[in-house]
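This report goes through one protein chain, part by part. Keep the sequence and the 3D view open while reading.

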Amino acid sequence: MIYPSFVAFDLETTGLVDKKDEIIEIGAVKFTVRDDNGTIRPKQVATFQTLVKPPMMIPDEATKINHITNAMVENAPAIKDVLKKFTVFCGQSSILVAHNASFDAGFLHVAYTKNPQLLPGNPIVDSLKVARSILPELKTHKLGDLAHMFQRIKGQISLSINNDEMHRAVYDCEMLMEVFIALLRRRLRKEDWDISRILPAIIKNGSEPAYLTKMK
């Protein structure tokens, strides 16, 4: 069996409107999975993290959430250069994963459109939709709440959840990696983890993929 490659990614932004606000940090974790005595677990391969200097000041409201200040991004690279590196990091065969993916995909699509270059053709799946499909009984499907829930169940995730680290891109991606695999583990059969079957299995469990190349 050949296991698939995933990229859990997370953006921090100056606000919530993709056509008005800007990306100020991109974090990503590339991972695959491994069979740990019959239990599928994530296997981290590489990380990607960079601040981005936006063409605007970061509002205080955004800084209060993500703790990224104007001083921190003063010497950061421009988004056009960051996108080129992010595309290379993702590669051509990885499945991209984001929690509330429409938000992150929307910002990426606008950024790539403003800075014309090769668009990644990777499928982008939404772990939030997967969580709602697999655990409909939960009152909240926020990433942090899901991580805390899985942490309370012995053997579900290995990451130690730290609320103070949340809303920094790479940490959130590591948390997403653990939660995403823990979710799928509840529904997928062993053979579903093969690279040829994983995307249809994810679609079956709540998330039709989005593609930057098909967004308008």
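## Aromatic pairs

Six aromatic pairs are present in the structure. The model is a predicted one. A pair of aromatic rings is described by the distance of the centres and the angle of the planes.

One of the pairs is F6 with F31: the ring centres are 5.1 Å apart and the planes make 20°, so this pair is stacked. F6 belongs to strand 1 and F31 to strand 2, so the pair ties together parts that are 25 residues apart in sequence. F6 is buried, with a relative accessible area of 0%. F31 is buried too, with a relative accessible area of 1%.

Another pair, F48 with F89, is tilted, with 5.5 Å from centre to centre and 40° between the planes. Here F48 is in strand 3 (residues 39–51) and F89 is in helix 3 (residues 79–90), so the pair ties together parts that are 41 residues apart in sequence. F48 and F89 are both buried. The two rings also belong to one aromatic cluster, formed by F9, F48, F86 and F89.

## Charges over rings

Which residue lies over the face of F89? K30 does, at 5.3 Å from the ring centre. A second case is found at Y211, where the charged end of K214 sits over the ring, 4.8 Å from its centre.

The five strands of an open sheet follow the order 3-2-1-4-5, and their pairing is mixed. Strand 3 and strand 5 stand at the edges with a single partner strand each, so one side of each has no neighbour in the sheet. From one strand to the next, the twist averages 30°. Strands of a sheet pair through backbone hydrogen bonds, either parallel or antiparallel.

Two helices can be described by how they pack on this sheet. Helix 3 touches strand 1, strand 2, strand 3 and strand 4, and its direction makes about 5° with that of strand 2. Helix 7 (residues 169–185) touches strand 1, strand 2, strand 3, strand 4 and strand 5, and its direction makes about 35° with that of strand 2.

## Strand 2 and strand 3

Strand 2 and strand 3 run antiparallel and are joined by 12 bridges. Within this pairing, V29 stands opposite T47 of strand 3. The hairpin of the two strands has two residues between them, and N37 in this hairpin takes a positive phi near 55°. N37 is not a glycine, although its phi is positive. Is N37 buried or exposed? N37 is exposed, with a relative accessible area of 79%.

A28 lies in strand 2 (residues 23–36). A28 is buried, with a relative accessible area of 0%. Apart from neighbours within four places in sequence, the residues in contact with A28 include V7, A8, F9, A46, T47 and F48, and also F86, F89 and C173. V7 is 21 residues from A28 along the chain, yet the C-alpha atoms of the two are separated by 6.3 Å.

How many bridges join strand 1 (residues 6–13) to strand 4? There are three, and the two strands run parallel. In this pairing, A8 stands opposite V97. Strand 4 also pairs with strand 5 (residues 124–126), in the parallel sense and over three bridges. L96 stands opposite I124 in strand 5, and the bridge partner of A98 in strand 5 is D126. Between strand 4 and strand 5 the chain passes through helix 4 (residues 101–114), and this β-α-β crossover is right-handed.

N100 is found in the loop between strand 4 and helix 4. N100 has a positive phi of about 70°, although it is not a glycine. N100 is partly exposed, with a relative accessible area of 34%.

How values were computed:
Residues are numbered from 1 along each chain as its sequence is written. This is a predicted model: local features need pLDDT of at least 70, side-chain atom pairs count only at pLDDT 80 or more; totals for chains, interfaces and linings use all residues. Side-chain values use heavy atoms; hydrogens and water are left out. Helices (H or I, at least four residues) and strands (E, at least two) are DSSP runs, numbered from the N terminus. Buried means under 20% relative accessible area, exposed over 50%, partly exposed in between (1.4 Å probe, protein chains only). Contact means heavy atoms within 4.5 Å. Two strands pair if DSSP finds at least two bridges between them. A crossover is right-handed if, with the strands pointing away from the viewer, the path from the first strand over the helix to the second runs clockwise. Rings of Phe, Tyr and Trp (its six-membered ring) pair if their centres lie within 6.5 Å; planes under 30 degrees apart count as stacked, over 60 as edge-to-face and the rest as tilted. A charge sits over a ring if NZ of Lys or CZ of Arg is within 6 Å of the ring centre and within 35 degrees of the ring normal. Axes are lines fitted to C-alpha atoms, for helices over the stretch in contact, and angles run from 0 to 180 degrees between N-to-C directions.
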